[in-house]
Amino acid sequence: MPVEITWWGHATCTVEDSGVRVLTDPLFARRLAHLRRRRGAPPPPAACQADVALVSHLHADHLHVPSLARLEPGTRLLVPRGALGAVAGLRRLDHLRITEVTPGDRVEVGGVVVRAVPARHDGRRLPVGRHRSPALGYVVEGEARTYFAGDTGLFETMAEEVGPVDAALLPVGGWGPYLGAGHLDAGRAAQALARLAPGSAVPVHYGTYWPIGMDAVRPHEFHAPGDEFARLAAERAPAVAVHRLGHGESVRLEGAR
């Protein structure tokens with residue numbers, strides 16, 4: 001059974017594996033604080049349909065309470081440990097089945113197992129949150145093993161802690177002209193790809209949101225990361241098939257090698 005990956009923009013993807021729909025970091029807004037969606041229409045209502053949704057960390061562009069509120073009743077939601085204490089809005093989402101997880105936890109959902117893995121990123125609920133929730137990545141294990149990195153920097157033990165994977169959803173940019181610590185740009189994402197050595201990769205977390213009034217500030221940081229990642233991946237990890245998707249586009253991959 002092939003695995004299908006759809007990129008809705010930013011870090012929001014649907015991974016369909018073994019009859020299970022997995023939604024990553026749901027963000028359906030046209031505008032978020034000082035950010036506006038500059039490319040791609042907001043995801044259609046069908047994107048809200050999932051068996052399980054994964055939240056990688058507490059930043060508002062990854063844990064977006066209004067978007068989570070649109071998920072169907074009974075949807076399973078995995079969030080970093082401590083999120084319920086840090087984000088009051090989560091506690092009002094009583095139509096969802098919320099489970100807090102930490103690296104090493106495994107959660108079975110239908111025909112897949114979701115495994116939480118470490119990330120190197122500031123996990124606080126900004127701007128004033130205390131550091132009490134880890135930033136996470138996730139590996140969805142079914143017919144294939146699909147790694148969703150969330151937001152992360154490059155770290156030495158990445159391949160060891162993530163484990164063997166068949167597909168990797170890697171952030172390659174951001175939502176502003178400069179990336180802070182704990183992020184992958186196109187070059188560092190290509191390095192991560194070389195370490196992980198999956199069969200396929202999809203670049204995410206770029207080319208969607210940008211600060212209002214800053215369209216002319218370093219626009220290449222908005223437009224270029226996907227193509228730059230594909231170019232560098234061909235040099236550093238030539239055996240990996242890179243699928244550069246447009247917003248709302250999907251790719252079907254074969255199962256585990």
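The following legends describe close-up views of a predicted model.

**View 1. Helix α4 and its buried residues.**
Helix α4 spans residues 186-196. Within this helix, Ala 186, Gly 187, Ala 189, Ala 190, Ala 192, Leu 193 and Leu 196 are buried. The elements that cover these buried residues include the strands β12 (145-148), β13 (167-171), β14 (200-204) and β16 (241-242). The helices α3 (158-162) and α6 (225-236) are also among them.

**View 2. The two ends of helix α4.**
At the N-terminal end, α4 is capped by Asp 185. A side-chain oxygen of Asp 185 lies 3.2 Å from the backbone nitrogen of Gly 187. Just after α4 comes Ala 197, which takes a positive phi of about 50°. Ala 197 is placed in the loop between α4 and β14.

**View 3. The crossing of helices α4 and α6.**
The axes of these two helices come within 8 Å and cross at roughly 40°. An angle under 35 degrees would count as roughly parallel, and one of 65 to 115 as roughly perpendicular; α4 and α6 are therefore oblique to each other. The crossing in which α4 passes α6 is right-handed. On the α4 side, the residues that meet α6 are Ala 186, Gly 187, Ala 189, Ala 190, Gln 191, Leu 193 and Ala 194. Their partners in α6 are Pro 225, Glu 228, Phe 229, Leu 232, Ala 233 and Arg 236. By residue class, this contact of α4 with α6 comprises nine nonpolar, two polar and two charged residues.

**View 4. Asp 25 in a loop.**
Asp 25 is located in the loop between β3 (20-24) and β4 (31-32). Most residues other than glycine have a negative phi. Asp 25 is not a glycine, yet it has a positive phi of about 35°. The relative accessibility of Asp 25 is 0%, so this residue counts as buried.

**View 5. Leu 77 in strand β7.**
Leu 77 belongs to strand β7, which covers residues 76-80. Because its relative accessible area is 0%, Leu 77 is buried. Which residues are in contact with Leu 77, leaving aside neighbours within four places in sequence? They are Ala 53, Val 55, Leu 68, Leu 90, Leu 96, Arg 97, Ile 98 and Thr 99. Leu 77 and Leu 23 are 54 residues apart in sequence, and their C-alpha atoms are 9.3 Å apart in space.

**View 6. Thr 6 in strand β1.**
Strand β1 (residues 3-9) contains Thr 6. This threonine, Thr 6, has a relative accessible area of 5% and is therefore buried. The side chains of Thr 6 and Ser 250 make a polar contact of 2.5 Å. When residues up to four places away in sequence are not counted, Thr 6 touches Thr 12, Cys 13, Thr 14, Gly 248, Glu 249 and Ser 250.

**View 7. Thr 146 in strand β12.**
Thr 146 is found in strand β12. A relative accessible area of 2% means that Thr 146 is buried. Apart from neighbours within four places in sequence, Thr 146 is in contact with Val 3, Ile 5, Val 15, Tyr 138, Val 139, Val 140, Ala 167 and Leu 169.

Terms used:
Residues numbered from 1 in each chain as written. Predicted model: local features only at pLDDT ≥ 70, side-chain atom pairs only at ≥ 80, totals over all residues. Heavy atoms only, no water. Buried < 20%, exposed > 50% of the residue type's maximum accessible area, 1.4 Å probe, protein only. Helix = DSSP H or I, 4+ residues; strand = E, 2+ residues; numbered from the N terminus. Contact = heavy atoms within 4.5 Å. Polar contact = N/O pair within 3.5 Å; in protein donor to acceptor, adjacent residues only side chain to side chain. Axes fitted to C-alpha atoms, helices over the stretch in contact; angles between N-to-C directions. Parallel < 35°, antiparallel > 145°, perpendicular 65-115°, else oblique. Left-handed = near helix turned anticlockwise from the far one by under 90°. Nonpolar A, V, L, I, M, F, W, Y, C, P; charged D, E, K, R; others polar.
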